[in-house]
Amino acid sequence: MQTSIVIFTRVPKTGDTKTRLTTARGGILTDDEARMLYEGCLVDVINVCIAADCGEVKVCYNASGDRACLEQLLARSSDRSKIVEVYPDQGGSFDDCMQYAADHILKAGSGGAEPASVIIVGGDIPTLQPYIVQDAVKKLHSLAKAEPGGSALVEGACQEGGFSLVGFTSSTPFDFTRVFYNMDGITALDMLVAKAVDNKIPLAVVEAVPDVDIPVDLASMIPVVKALRAASAYNNAILVPVHTLQVLDELGLESTAPPPQR
């Protein structure tokens, strides 16, 4: 089964990237620092997808994003030649943009003897590891082969009822309508699962990977990436998020825990 691994991202831009981490929104970073952090995360995620080596690596970016700026970031990846396609979404809501990211791949590959498949990951998940991407592809393929129509869905959760990874095949009766934007207060992950249940889509889950949107996410991420760096000395399967760590080191960011009150 032909599989594409798509990194779904906005092109980092000062004042428009990870603004909930900035002092203007109650965070601790300047606008430039927030952009720098996301740039590091994005390059690390791309490197993970390349290292996973289980599908064609592609990047879908926001329609209003600066392609030249994005290319500068892609040049920092471990192997730019492994990124086989870079394409813009068509704007609209987050639902619309992610739908296009998938449709661009699946509609082009739907004429084959077996369904095409896509795995979509966010650019703000620096603790993602190659084995998680590989596990997602393996489970998606296994479910699709066991299903007469080839439909299958896989997800990897993140915090606050969201998901940081989603994948499905071209024959899967799934779309992103109202997944991220609905007026009923249903979380994105609950909506995804409900669509799978309602449409009897075989569903698999992989290890959760937290994203970094708000200060508490950043505080939680810092010890984890440091642990990955330390553990990599004893496990060569770990891919250290070196670009994220470099930014954290440059900015002097540390997580702290207040002493317990007695």
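Predicted model: local features only at pLDDT ≥ 70, side-chain atom pairs only at ≥ 80, totals over all residues.
Figure 1. Arg178 sits in the loop between β6 and α5. Its phi angle is near 65°, a positive value in a residue other than glycine. The side chain of Arg178 forms a salt bridge with Asp184, and the closest N and O atoms of this pair are 2.5 Å apart.

**Figure 2. Lys195 and Asp175, a salt bridge between a helix and a loop.** The side chains of Lys195 and Asp175 meet in a salt bridge, at 3.1 Å from N to O. Lys195 belongs to helix α5 (residues 188-198), while Asp175 lies in the loop between β6 (163-169) and α5. The two residues are 20 positions apart, and the pair links distant parts of the chain. Lys195 counts as buried, at 16% relative accessibility, whereas Asp175 is partly exposed, with a relative accessible area of 32%.

**Figure 3. Lys18 and Asp124, a salt bridge between two loops.** Lys18 forms a salt bridge with Asp124, with 2.6 Å between the closest N and O atoms. Lys18 lies in the loop between β1 (3-9) and α1 (31-52), and Asp124 lies in the loop between β4 (117-122) and α4 (130-146), so the pair ties together parts that are 106 residues apart in sequence. Because buried means under 20% relative accessible area, Lys18 counts as buried at 17%. Asp124 counts as buried too, at 12% relative accessibility.

**Figure 4. The network around Lys18 and Asp124.** Salt bridges that share partners join Lys18, Arg20, Asp124 and Asp213 into one network. Side chains of opposite charge can pair when their charged atoms come close. The count for the protein comes to 16 salt bridges.

**Figure 5. Glu160 in the loop between β5 and β6.** Glu160 is found in the loop between β5 (153-157) and β6. The phi angle of Glu160 is near 60°, which is a positive value in a residue other than glycine. Glu160 counts as exposed, at 68% relative accessibility.

**Figure 6. Pro260 in the segment after α7.** Pro260 lies in the segment that follows α7 (242-251). At 69% relative accessibility, Pro260 counts as exposed. Pro260 and Asp217 are 43 residues apart along the chain, and their C-alpha atoms are separated by 21 Å.

**Figure 7. The fold that surrounds these sites.** The protein has 7 helices and 7 strands. Along the sequence they follow the pattern β-α-β-α-β-α-β-α-β-β-α-β-α-α. The radius of gyration is 18 Å, close to the 18 Å that the globule rule gives for 262 residues, so the protein is as compact as a globular protein of that length. The C-alpha trace spans about 55 × 45 × 40 Å along its principal axes. Of the 262 residues, 50% count as buried. Among contacts with a separation of 6 or more, 69% are accounted for by residues 24 or more positions apart. The protein exposes about 12300 Å², and carbon and sulfur atoms supply 52% of this area.

Key
Residues numbered from 1 in each chain as written. Heavy atoms only, no water. Helix = DSSP H or I, 4+ residues; strand = E, 2+ residues; numbered from the N terminus. Rg over C-alpha atoms; globule rule 2.2 N^0.38 Å. Buried < 20%, exposed > 50% of the residue type's maximum accessible area, 1.4 Å probe, protein only. Contact = heavy atoms within 4.5 Å. Areas by Shrake-Rupley, 256 points an atom, 1.4 Å probe, with all protein chains shown as cover. Salt bridge = Lys/Arg side-chain N within 4 Å of Asp/Glu carboxyl O.
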